[in-house]
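Visitor: Could you show me how to read salt bridges in a protein model?
Guide: Gladly, let us look together.

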Amino acid sequence: MTKEKNILILPGDGIGPEIMEQAVKMLEWVEENSALTFNIDHDVVGGASIDKHGIPLTKGVIEKAKKADAVLFGAVGGPKWSNVDFNNRPEIGIIGLRKELGLFANLRSAIVFDSLIQASSLKPEIIKGLDLMIVRESTGGVYFGSPRGIETLPDGTRKGINTEVYTSKEIERIARVAFELARQRQNRVCSVDKCNVMESGLLWKDVVTEIHQKEYSDVELSHMLADNCAMQLVRQPLQFDVILTSNLFGDILSDLAAMLTGSLGMLPSATLGVKQSNDVIPALYEPIHGSAPDIAGQGKANPLAQILSLAMMLKYSFNERQISEKIVNACKSVLDQNYRTLDVMSKGMKEVNTQQMGQFILDQLKNVN
Ligand code: IPM
Ligand code: MG
C-alpha cells in the first residue's frame with residue numbers, strides 16, 4: 001500500500017537552504033525504497049519571508065503547516081534583519097510555528113558517533129557511547145509568558161520584563177513524553193529545574209514527582225538543578241538518558257549537549273504536538289543549530305543535522321524505522337570513511353563541502369541498499 005505524505009519544506013535563512021537541499025536529495029531515494037510517496041511543498045519563513053511578505057510567518061504558511069503530515073524546517077535569522085521590529089523578527093518564524101501548531105514536545109537527541117570522537121573538545125573516554133535525549137518543553141515558559149516587554153520608568157530609566165509561567169497541565173504532558181521515551185531507552189529520566197530560586201521550578205518538580213508516582217514508577221527518576229546539569233553534562237555526560245526540562249533551560253542545555261557530539265551541526269530535533277482527530281500528530285523537524293549567516297553560501301555548513309532531522313521525521317511521523325536507520329547509518333559510514341565538513345574537521349581527515357557531504361550520503365544509501 002502506498003502512503004502519500006504531505007511535507008512542507010521551509011529552508012529559512014543563512015545556511016538553511018543549502019543544508020535543506022542535501023536533505024531533500026534523500027527524499028527521492030526514500031520514495032524508491034519504501035511504501036511512502038511524498039507531496040512536497042516549499043515556502044519561505046523567517047528573514048526570507050520578511051523580504052517577500054514583510055512578516056516572518058504568514059497565515060498561508062501556518063495553514064500549510066497545519067495541513068501537512070510533517071514540516072521539515074531549516075533555520076532562521078541573521079544580521080540582515082537585526083533592525084526589524086522585535087515582534088517581527090525572523091525567529092518568530094520558528095517560535096510562532098511551535099505555538100500555532102501546539103508543538104510542545106521538542107526532542108533533541110545527542111549521539112556521539114565513534115568516528116567523530118576526535119572532533120569533540122572533551123576527552124574520548126568522557127563521551128564515547130553517548131546517547132542522550134533532551135525533552136524540552138517548547139510552547140511555554142519564559143518564551144511565551146506574560147507580562148513581557150520593555151517599559152520606561154518615571155525617572156526615564158527602562159525596565160525589561162519576561163515571565164516564566166508553567167501550569168501543572170503543561171508540565172504533566174511534557175513529563176509524560178519524557179517518561180514514555182525513557183521506557184523505550186534506558187528507562188531513566190532526569191528532570192531539570194531551578195526550584196531553589198523559582199516557584200515555577202518548584203511546581204515543575206512537584207508535578208513531575210506526582211506523575212512519576214502515579215503513572216511511571218517503573219522509570220528511574222532523578223531531579224537536578226539546571227546549573228548543576230550544565231556542569232554534569234561536561235563532567236560526566238554518560239550519566240544521562242532522558243533529560244526533561246523547560247523551554248529556556250532546554251534551549252541552553254541542548255547547545256551544550258550538541259558540542260559534546262563534536263559540533264552544533266550534528267544535532268537534529270523533532271517537535272511534536274497533540275494527536276489530531278485524523279490521527280496525525282503535528283510535527284516539525286529541524287536541526288538545533290541556527291542559520292550561521294557568517295558561513296552561509298560558502299559550502300562550509302554541515303548538512304548532517306538537517307539530514308538526521310529527516311531521519312527523525314521518517315521514524316516519528318511516518319513510522320519508517322528501518323529507512324530512518326538506514327539514513328543514520330549512511331551518515332555514520334560517510335564519517336567512518338573520514339569525510340568531514342569544516343566544523344568537524346580534524347587532522348588526517350578529508351575535507352568536503354556541504355554539497356559533497358550530501359552527495360556522499362546519498363551515494364552510500366544507493367550503494368549499500
Ligand atoms: C533553538 C533556537 C531557537 C530557540 C531560536 C532560533 C528562537 O535557538 O531552536 O534552539 O531559542 O528555541
Ligand atoms: Mg537554541
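Guide: What follows is a short tour of some charged pairs in this model. The model is predicted, so local features need pLDDT of at least 70, side-chain atom pairs count only at pLDDT 80 or more, and totals for chains, interfaces and linings use all residues. Residues are numbered from 1 along each chain as its sequence is written, and side-chain values use heavy atoms, with hydrogens and water left out.

Visitor: How many salt bridges does the structure hold?
Guide: Side chains of opposite charge can pair when their charged atoms come close. A salt bridge here is a side-chain nitrogen of Lys or Arg within 4 Å of a carboxyl oxygen of Asp or Glu. The structure holds 15 of them.

Visitor: Which residue forms a salt bridge with Asp-41?
Guide: Lys-64 does, with the closest N and O atoms 3.2 Å apart. Asp-41 sits in strand E2 (residues 36–42) and Lys-64 in helix H3 (residues 59–67), 23 residues apart. Helices (H or I, at least four residues) and strands (E, at least two) are DSSP runs, numbered from the N terminus.

Visitor: Where do Arg-136 and Asp-251 lie?
Guide: These two form a salt bridge, their closest N and O atoms being 3.9 Å apart. Arg-136 lies in strand E5 and Asp-251 in helix H9 (residues 247–260), so the pair ties together parts that are 115 residues apart in sequence.

Visitor: Is Arg-136 buried or exposed?
Guide: Buried means under 20% relative accessible area, exposed over 50%, and partly exposed in between (1.4 Å probe, protein chains only). Arg-136 is buried at 1%, whereas Asp-251 is partly exposed at 26%.

Technical notes
Chains lettered and ligands numbered in written order.
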